[in-house]
Amino acid sequence: MPRLPSPRIMISVFERSPDQGRGLARDMPVRWALEEVGRPYTTRPLSFAAMKADAHRARHPFGQIPTFEEGGLVLFESGAILLHIASHYPGLLPAEPHVRARAIGWLFAALSTIEPPILDRERAHYLEKDEPWYAQRMPLLDQAIRSRLTDLSRRLGKADWLDGDFSVGDLAMVSVLRRIEGAGLYELFDNITAYVARATARPAFTRAFEAQKTAFASYEKES
């Protein structure tokens, strides 16, 4: 009996990403995960207005990106999408149950423990820069991040990856850390700096990064 083709995967992305092609938008880790597991995908570029329209809100109730569609399945939230991809396609989760569970734990740690203070800093930079308290607030935000990174550095030690082989936990963690690239925060830790460099040297990351960068350039050219 002939094998049926796999359902097409489509992800929604920014039509013109605010990161200007630097690979920091939320669709980037989803693109990266799909490249790691060797699954082709198409994109639905959305303007900011289209993201808030009813058609997209049916896919993502908060009017954001990314969304993920495969067959009859529609998912939102990048963490849930990453977990789905890693769980259904080989390459991002170990087979051994305990190691697999720990890899999923690192996915949650990236999004729930490491990312929140980074997002606080990001919001302050963009929204509070002209406020009188900005100069006093930023060192506190940086210290909160350094505290988390100290723990992460201690846990990583001299290992290449967080727990055994590269996993969805590493993919998520590096995606989060890249948001503060060049801020002089994770660069304080040699092992974290090497960890990020090692992950972003992976061919799958390069393919995903170039895809997002090329898409941004083409949208800009059309405008």
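Is the crossing of helix 7 and helix 8 left-handed or right-handed? The crossing is left-handed, a word used if the near helix is turned anticlockwise from the far one by less than a right angle, with right-handed used if it is turned clockwise. This is a predicted model, in which local features need pLDDT of at least 70 and side-chain atom pairs count only at pLDDT 80 or more, while totals for chains, interfaces and linings use all residues. Residues are numbered from 1 along each chain as its sequence is written, and side-chain values use heavy atoms, with hydrogens and water left out.

Helices (H or I, at least four residues) and strands (E, at least two) are DSSP runs, numbered from the N terminus. Two packed helices are described by the angle between their axes and the distance between the axes. Here axes are lines fitted to C-alpha atoms, for helices over the stretch in contact, and angles run from 0 to 180 degrees between N-to-C directions.

The axes of helix 7 and helix 8 (residues 190-200) come within 10 Å and cross at roughly 110°. Helix 7 is therefore roughly perpendicular to helix 8; angles of 65 to 115 degrees count as roughly perpendicular, under 35 as roughly parallel, over 145 as roughly antiparallel and the rest as oblique. Contact means heavy atoms within 4.5 Å. From helix 7, Asp170, Met173, Val174 and Leu177 meet Ile192, Tyr195, Val196, Ala199 and Thr200 of helix 8. This contact of helix 7 with helix 8 has seven nonpolar, one polar and one charged residues. Ala, Val, Leu, Ile, Met, Phe, Trp, Tyr, Cys and Pro count as nonpolar, Asp, Glu, Lys and Arg as charged, and the others, Gly among them, as polar.

Helix 7 also packs with helix 5, at an angle of about 10° and with the axes 7 Å apart. That angle makes helix 5 roughly parallel to helix 7. Among the residues in the contact are Ala103, Trp106 and Leu107 of helix 5 and Val168, Gly169 and Ala172 of helix 7. By class, the contact of helix 5 with helix 7 divides into 13 nonpolar, one polar and one charged.

Leu107 is placed in helix 5 (residues 97-127). Leu107 counts as buried because its relative accessibility is 2%; buried means under 20% relative accessible area, exposed over 50%, and partly exposed in between (1.4 Å probe, protein chains only). Leaving aside residues up to four places away in sequence, Leu107 touches Gly79, Leu82, Leu83, Val168, Gly169 and Ala172.

Helix 4 (residues 78-88) has several buried residues, including Gly79 and Leu82. Their cover includes helix 1 (27-37), strand 3 (67-70), strand 4 (73-76), helix 5 and helix 7. In the loop between strand 4 and helix 4 is Glu77, which has a positive phi of about 75° although it is not a glycine. Glu77 counts as partly exposed because its relative accessibility is 38%.

Ser167 lies in the loop between helix 6 (134-156) and helix 7 (168-177). At 5% relative accessibility, Ser167 counts as buried. The side chain of Ser167 reaches the backbone nitrogen of Gly169 at 3.1 Å. Not counting residues up to four places away in sequence, Ser167 touches Leu92 and Ala103.

Another loop, between helix 3 (54-57) and strand 3, holds Pro66. The peptide bond from Ile65 to Pro66 is cis, with omega near 5°.

Key: Polar contact = N/O pair within 3.5 Å; in protein donor to acceptor, adjacent residues only side chain to side chain.
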